[in-house]
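Have the sequence and the 3D view ready. Try each exercise before you read its solution.

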Amino acid sequence: MSLTEAMVLCAIDGGCRYAHDLADDVGLSPSRLSRIIASLERKGLLEREQNRADRRHWQNQPTAKGREIVLQMKTEGIDIPPALESIMGTSRNESF
């Protein structure tokens, strides 16, 4: 799983369920976010449901497997690639 996929999955698990909100929260363009959501869905980490009130919108939610991965990231942390450490202001000893 990429770091961007992890950020999106965590944001969705944290309650940010709609793509327009996710794009703002994680700082991605709508097209990039759409590709990431599709990737997470293919991996079985995310499921989408059409909003009954407004059929133009889809609600995203983590699957049981996706929630398990988020919990694992929260308890164990994730490794930040060395090339990103300086950008994110973290060190190898810190977890995301």
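**Exercise 1. The fold at a glance**

Task: State how many helices and strands the protein has, and the order in which they come.

Solution. 
- Step 1. Keep in mind that this is a predicted model.
- Step 2. Count the elements: 5 helices and 2 strands.
- Step 3. Read from the N terminus: α-α-α-β-β-α-α.
- Step 4. Finish with the surface. The accessible area is about 6,100 Å². Carbon and sulfur atoms hold 48% of that area.

**Exercise 2. Glutamate 5**

Task: Decide whether glutamate 5 is buried or exposed, and list its contacts beyond four places in sequence.

Solution. 
- Step 1. Locate the residue: glutamate 5 sits in helix 1, residues 3-13.
- Step 2. Take its relative accessibility, which is 7%.
- Step 3. Compare with the cut-off: buried means under 20%. Glutamate 5 is therefore buried, at 7%.
- Step 4. List the contacts, leaving out neighbours within four places. They are Ile36, Ser39, Leu40 and Lys43.
- Step 5. Look past the end of helix 1. Glycine 15 follows, with a positive phi near 115 degrees.

**Exercise 3. Glutamate 49**

Task: Classify glutamate 49 by its accessibility and name the residues that it touches beyond four places in sequence.

Solution. 
- Step 1. Find glutamate 49 in strand 1, residues 46-50.
- Step 2. Its relative accessibility is 40%.
- Step 3. Partly exposed covers the range between buried, under 20%, and exposed, over 50%. Glutamate 49 therefore counts as partly exposed, at 40%.
- Step 4. Set aside residues up to four places away. Glutamate 49 then touches His57, Trp58 and Gln59.
- Step 5. Check a distance. Glutamate 49 and glutamine 61 are 12 residues apart in sequence, and their C-alpha atoms are 8.2 Å apart.

**Exercise 4. Threonine 63**

Task: Say where threonine 63 lies and which backbone oxygen is 2.6 Å from a polar atom of its side chain.

Solution. 
- Step 1. Threonine 63 is in the loop between strand 2 (58-62) and helix 4 (64-76).
- Step 2. Its relative accessible area is 14%, so threonine 63 is buried.
- Step 3. Its contacts, beyond four places in sequence, are Gly44, Leu45, Leu46 and Glu47.
- Step 4. Take leucine 46. It is 17 residues from threonine 63 in sequence, yet the C-alpha atoms are 5.2 Å apart.
- Step 5. Now look at glycine 44. Its backbone oxygen is the one that lies 2.6 Å from a polar side-chain atom of threonine 63.

**Exercise 5. The largest pocket**

Task: Give the volume of the largest pocket and the helix that gives the most to its lining.

Solution. 
- Step 1. The volume of the largest pocket is about 190 Å³.
- Step 2. There are 13 lining residues, and Ala19, Ser34, Ile37, Arg48 and Asn60 are the closest to the centre.
- Step 3. Helix 2 (19-26), helix 3 (30-42) and strand 2 each supply at least two lining residues.
- Step 4. Helix 3 gives the most, with 4 residues.
- Step 5. Sort the lining by type: 7 nonpolar, 4 polar and 2 charged.

Conventions: Residues are numbered from 1 along each chain as its sequence is written. This is a predicted model: local features need pLDDT of at least 70, side-chain atom pairs count only at pLDDT 80 or more; totals for chains, interfaces and linings use all residues. Side-chain values use heavy atoms; hydrogens and water are left out. Accessible areas come from the Shrake-Rupley method with a 1.4 Å probe; for residues, only the protein chains shown count as cover. Buried means under 20% relative accessible area, exposed over 50%, partly exposed in between (1.4 Å probe, protein chains only). Contact means heavy atoms within 4.5 Å. A polar contact is a pair of N or O atoms within 3.5 Å; within protein, one must be able to donate a hydrogen and the other to accept it, and residues adjacent in sequence count only if both atoms are side-chain atoms. On a 1 Å grid over the protein atoms alone, a cavity is a set of points where a 1.4 Å probe fits but cannot get out, and a pocket is an open set with protein on both sides within 12 Å along at least five of seven lines; lining residues have an atom within 4 Å of a point. Grid points are joined across faces, edges and corners, and a volume is the space filled by probe spheres set on the points. Ala, Val, Leu, Ile, Met, Phe, Trp, Tyr, Cys and Pro count as nonpolar, Asp, Glu, Lys and Arg as charged, and the others, Gly among them, as polar.
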